[in-house]
Amino acid sequence: MRFSIFLFLILAVMALLPIQAQPEPDDILFVRQGVKRFVFDIEQGIPLSSLDPKSIIGLASMHPVTHYMEEEAELVLEEGQLVVRSESETQTSIWFGGFNPFATYVLDLGDVKGRGEIGFAFGDAERQLRVTVQYTDGEIRDTIMEIYNDSSRIFSESILTRSGNMVSGKLILQMLGSGLTLYLQQEGLPLAIGQGEFSRQLDLRKKKYIHQFQSHVFVGIDSGVVQINHVKAGLGAGMGLADIRAITYEDGSPLMDQGRIWYTMTIRGRALPHPLQGVFSLDPSVFDIRLEGVILFDRNDGLLRNEVASHVFFDRKEQLWKGLTTGFSAYADPTEEKQLLTIQSKKDPRFGFSVMQAEPFGMVGDIEDPHLIYDEGVGKWRMLTCINQNGYKAILLESEHWNKGFVPVAGPVSVNSTGTSIQKIGGKRFCFSGSSERDIFIYSYPDLKEAGTLKMDLPPWDANSGTRVWPNVIELPEGYPSRYLALMMDRYNYPGISGPQWTYGAIYLYHGSTE
């Protein structure tokens, strides 16, 4: 009896206490904490191979040399450099690693005197791609891309986009699967000096080339000397990052592992189809973005494809990595159509160089930025994505299956949309979308009714720049300095690139609070 009275008093007191309201997303103020633009950052590289003259013992074995002409250049190791000399015309290649058509290759040069060409050669006994700068008395005269078949040159093109530079410092070759961009770094930002396309003549995305090709430094000397300080090949973060999306579990909750949040981001190349799907991690209490790996996609057609704008999640029930990606690689082949693809992998794709199996599932057309969750409340898979109907607009679809049979549920919304995602705030799902309207929109789930806009101190744009950014709003567990976090990019293209490009941007960290 006494216990019943006591329980009644407790319940009565609780009834008089105010109920703590769960926050709505537009109640949260996001304050900028930091910003960073990655520009071929050394610390962000995942190493593939190198040539380091300071540690070479046995040059002929470690880095075999091929001479292409009867006259042979002299190669010696001197004072921590590999020096190539010749008083007459010679052509020499120096092996330094295997081949990856999405890697970044860096050639660090010392003095370059006389006349000749210096750069990279990728190939096997039958085919070869060469990318070199031609110089006279230290000044770059041209940048050439050549393709050889059985020692015969079948394609040659000047890809020079900037003249008047001296051949010194670092040559940075960013391979882009179906194209390339060549940079020269001396002081300050690397300068784009050449760009080319080669997929029509030699599609380096073919798995047989990845398996068989080798990478070389190519040195052609009419007369003079070339000093090589170092050569590196690796997977890197490039010069711009975009399309930031948290890796999740199947219900859309962020995957927290090793005290870090995991993201997919697009490593920018130049235009389409040049970007690459990167994987990054972040300790949400600080600003330490770290490149962890890259993902390519296999559609069982002999190619490894560089699709991007992916959503990767771990399905805990099936113990399988799954997701959706956008088939931007179609832009490399005029006979292909852009479409969404399902992706899956037993291997954890967050680390190193990964390949996920990809399959079409009927979502063909100008559709992008998909985000997929399993809604346990209705027992269905739901996809938020953007469809181009007089501009990109957010739309919600659902299916009994994660990889087929999606039908529209809500939308398209009335305003421009990009970077669509579904996340829980205070235990309730909301839909988020960037836009060209100088706002980040919040929508109710699942009916996509407007529910406000995101409050931001110092948004990632100014009065003149584009505002179609990806919001990436997530709720953190208790114990972090802020309960809410957003990671966004800006849309400032890299300077000096010619023609169409999507080379943005820097990364912006925001902490959110209702206090």
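**Exercise 1. The largest pocket**

Task: State what volume the largest pocket has and which residues lie closest to its centre.

Solution. The volume of the largest pocket is about 490 Å³. A pocket is an open set of points on a 1 Å grid over the protein atoms alone, with protein on both sides within 12 Å along at least five of seven lines. Grid points are joined across faces, edges and corners, and a volume is the space filled by probe spheres set on the points. The model is predicted: local features need pLDDT of at least 70, side-chain atom pairs count only at pLDDT 80 or more, and totals for chains, interfaces and linings use all residues. Residues are numbered from 1 along each chain as its sequence is written, and side-chain values use heavy atoms, with hydrogens and water left out.

Now the lining. A lining residue has an atom within 4 Å of a point. The largest pocket has 21 of them, and F40, D41, I42, V106 and K232 are the closest to its centre.

Next, the strands (DSSP runs of E, at least two residues, numbered from the N terminus). β2 (46-51), β7 (104-123), β11 (169-175) and β14 (214-235) each supply at least two lining residues. β14 gives the most, with six.

Last, the classes. Ala, Val, Leu, Ile, Met, Phe, Trp, Tyr, Cys and Pro count as nonpolar, Asp, Glu, Lys and Arg as charged, and the others, Gly among them, as polar. The pocket lining has ten nonpolar, seven polar and four charged residues.

**Exercise 2. The cavities**

Task: Find how many cavities of 30 Å³ or more there are, and describe them.

Solution. In a cavity, a 1.4 Å probe fits but cannot get out. Two cavities of 30 Å³ or more are counted.

Take the largest cavity. About 70 Å³ of space lies in it. Its lining includes F102, Q174, R268 and H274. By class, that lining divides into six nonpolar, four polar and one charged.

Take the second largest cavity. Its volume is about 50 Å³. R245, T248, Q423 and V473 are among its lining residues. β15 (241-246), β30 (418-425) and β35 (473-475) each supply at least two.

**Exercise 3. Q423**

Task: Decide whether Q423 is buried or exposed, and list its contacts.

Solution. Q423 sits in strand β30. Q423 is buried, with a relative accessible area of 6%; buried means under 20%, exposed over 50%, partly exposed in between (1.4 Å probe, protein chains only). Contact means heavy atoms within 4.5 Å. Leaving aside neighbours within four places in sequence, Q423 is in contact with T248, G252, P254, K428, R429, F430, F432, V473 and I474. P254 and Q423 are 169 residues apart in sequence, yet 8.6 Å apart in space, C-alpha to C-alpha.

**Exercise 4. β11, β12 and β13**

Task: Trace how β12 pairs with β11 and with β13.

Solution. Two strands pair if DSSP finds at least two bridges between them. β11 and β12 pair in the antiparallel sense over six bridges. Here Q174 stands opposite T181. Three residues separate the strands of this hairpin, and G177 takes a positive phi near 80°.

Move on to β13 (residues 191-197). β12 and β13 also pair in the antiparallel sense over six bridges. L182 has G194 as its bridge partner in β13. Five residues lie between β12 and β13, and G188 in the turn has a positive phi of about 80°.

Finally, check the cover. In β12 (residues 179-185), six of its seven residues are buried.

Conventions:
Helices (H or I, at least four residues) and strands (E, at least two) are DSSP runs, numbered from the N terminus.
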